Amino acid sequence: MMLRSIKSLATSPSSHILRRGYASEAVPDRKVAVLGAAGGIGQPLALLMKLNPLVSSLALYDIANTPGVAADVGHINTRSEVSGYSGEAELGKALEGADVVIIPAGVPRKPGMTRDDLFNINAGIVKGLCQAIAKYCPHALVNMISNPVNSTVPIAAEVFKKAGTYDPKRLFGVTTLDVVRAKTFYAGKAKVPVAEVNVPVVGGHAGITILPLFSQATPKANLSDAEITALTKRTQDGGTEVVEAKAGKGSATLSMAYAGAIFADACLKGLNGAPDVVECSYVQSTITELPFFASKVRLGKNGVEEVLGLGPLSDYEKEGLEKLKPELQSSIEKGIKFANQ
């Protein structure tokens, strides 16, 4: 009994056991690499991953300023050892032996910029990073945050295919922020405690490709069609809301770092064999005719254990699904074309 309680303590987020140095076998060693760790998302994400007791080694990489971030975060008295890597020559060392690689690298949206305006810059950055992942940690779970995710995930897939390392079970577009926003906005409207709320969000990760399934939200609330439409629109435009509020000073970085940390934690739990780890993510999929699609995914020791179906949709959601398909399809094609040119 004692051993079992020690084990469960050691795997719980508020683990005091680990600090006392025994029963640490209960939690396997896991290395997490953050690529773009000195940026607006990267820094708070590095902080949140340092607080995660499932991480034993935290590698922070960026083209500049990483030693400072690593020194700062490294002073925090939690389990993981932190190392900083700066510049392309050190990318291999950052990646070697990584179990999970999180990619928030790239430039943020400025006011008036669409996610597609970011495309050429970020697509090039992602392509280079993925070539290194294929070389140095081909079996890592890759969590793609760099926008436009609808295109950067297909780019990563093409790079990995070329390198002969592609495993569709190990590549994820992080759409968790759409879920986080949908939960927050729904709880506010439905007047229910946000901690109890669940809302699946499917499709993609930009504008109308983001489809929150409020008909499946729990706890149930009797919201009018007008309220559902407004909640849907607000979820789809959440990124723009933050870009405008920051008035030229950046985009969603803190909430994105939180969402990225939640998804990476789910990946780590899955790798460690925790049962029933389910999160929405943008993955290679056959649940629609599109090659990549976000829906609920069961995570496990190989990454994706199962891509779950959409479940019953309202008429409004069915209509939204048909509307988003052409746009998502063209973003996927754009990524594939970029990767192959």
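Where does aspartate 237 lie? Select aspartate 237: this residue sits in the loop between α8 and α9 (238-245). Helices (H or I, at least four residues) and strands (E, at least two) are DSSP runs, numbered from the N terminus. Aspartate 237 has 29% relative accessibility and counts as partly exposed. On this scale buried means under 20% relative accessible area, exposed over 50%, and partly exposed in between (1.4 Å probe, protein chains only).

A word on the source. This is a predicted model, where local features need pLDDT of at least 70 and side-chain atom pairs count only at pLDDT 80 or more, while totals for chains, interfaces and linings use all residues. Residues are numbered from 1 along each chain as its sequence is written, and side-chain values use heavy atoms, with hydrogens and water left out.

**Stop 1: the two domains**

Colour 31-174 as domain 1 and 175-340 as domain 2. These bounds come from an automatic or database domain assignment. Taken over C-alpha atoms, the domain centres are 21 Å apart.

**Stop 2: the interface**

Select the contacts between the domains. 45 residues of domain 1 touch 49 residues of domain 2, with contact meaning heavy atoms within 4.5 Å. The size of an interface is often given as the accessible area lost when the parts come together. Here the two domains bury about 3900 Å² between them, 66% of it on carbon and sulfur atoms. Buried area is the accessible area (1.4 Å probe) that two parts lose on being put together, summed over both. Show Arg109, Asn150 and Val174: they supply 18% of the area that domain 1 buries against domain 2, more than any other three residues.

How many salt bridges does the rule find across the interface of domain 1 and domain 2? It finds zero, a salt bridge being a side-chain nitrogen of Lys or Arg within 4 Å of a carboxyl oxygen of Asp or Glu. Polar contacts join 14 residue pairs across the interface, both residues at pLDDT 80 or more. A polar contact is a pair of N or O atoms within 3.5 Å; within protein, one must be able to donate a hydrogen and the other to accept it, and residues adjacent in sequence count only if both atoms are side-chain atoms.

Stay on the domain 1 side. Elements giving two or more residues to it include α2 (42-50), α5 (119-136) and α6 (149-163). The largest share, nine residues, comes from α6.

**Stop 3: α2**

Select α2. Gly42, Pro44, Leu45, Ala46, Met49 and Lys50 are buried there. Their cover includes β1 (31-35), β3 (81-86) and α10 (254-271).

**Stop 4**

Most residues other than glycine have a negative phi, and most peptide bonds are trans.

- Asparagine 147 to proline 148: the peptide bond is cis, with omega near -5°. Proline 148 is in the loop between β5 and α6.
- Threonine 218 to proline 219: another cis bond, omega about -10°. Proline 219 is in the loop between β8 (210-212) and α8 (225-236).
- Asparagine 65: phi is positive, near 70°. Find it in the loop between β2 (57-62) and α3 (66-74). Asparagine 65 is exposed, at 61% relative accessible area.
- Lysine 191: phi is positive, about 55°. This residue is in the loop between α7 (176-190) and β7 (201-203). Lysine 191 is exposed, at 72%.
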